[in-house]
Amino acid sequence: MENKNDKRKSNRVYASFVEYCRVEDEHSKKVQAFTENISISGICILLNEEIKAGSFLFITIYLLDGNHTIETRGEVVWVRPSTFLNVKNNKHYDAGINFVEITKEDRDRLSRYSTRYANEKPASH
C-alpha cells in the first residue's frame, strides 16, 4: 500500500549496522548503531543517544552482503524517540541522516544493494 505522507526520494531497504562519530569529534572512538533502513540518499539509524538535527556524522556502513564497507559523511535531518524497541526506562532514538559526501562508486553500490535486497525485512517487523 502506498503511503501518501511518505516524502522519500529513494526506495529504502534494510542494512545491518553502522559505526559513527560526530564530525567535531572525528578522533573519538566510533559508536555502533543498528540501521533501520538505507537508500542511495540516506539512512535511518537507531541510537542510544539523542543527537541534534543539523549535526554532521562520519559514518561507516556495513551492509548485509558482507562486501566492502561504505565510508560517508551525513547530516542528521531529524531525530525522534524510537518505537522500534519497546524498552521501558531506556531511551532510544531514530535518526534520519542525509548523505552529504559519498562517492559515485558507493552510491552505485547502494543502488545495486537496494535492488537486490528490496524485499528483505528484519525478523522483528
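1. Two strands are taken to pair if DSSP finds at least two bridges between them. Helices (H or I, at least four residues) and strands (E, at least two) are DSSP runs, numbered from the N terminus. On these terms, strand β1 (residues 17-22) and strand β2 (residues 31-38) run antiparallel and are joined by four bridges. Within this pair, V18 stands opposite A33 of β2.

2. The model is predicted: local features need pLDDT of at least 70, side-chain atom pairs count only at pLDDT 80 or more, and totals for chains, interfaces and linings use all residues. Residues are numbered from 1 along each chain as its sequence is written, and side-chain values use heavy atoms, with hydrogens and water left out.

3. The protein chain contains six strands and one helix, in the order β-β-β-β-β-β-α from the N terminus. The six strands close into a barrel, ordered β1-β2-β3-β6-β5-β4, with antiparallel pairing.

4. Helix α1 (residues 104-116) lies across β2, β5 (70-81) and β6 (93-101); contact means heavy atoms within 4.5 Å. The helix runs at about 60° to β5, where axes are lines fitted to C-alpha atoms, for helices over the stretch in contact, and angles run from 0 to 180 degrees between N-to-C directions.

5. No disulfide (a pair of cysteine sulfur atoms within 2.5 Å) is found in a search of the whole structure. C21 is buried at 4% relative accessible area, and C44 is buried at 7%; buried means under 20%, exposed over 50%, partly exposed in between (1.4 Å probe, protein chains only). Of the 125 residues in the protein chain, 37% are buried.
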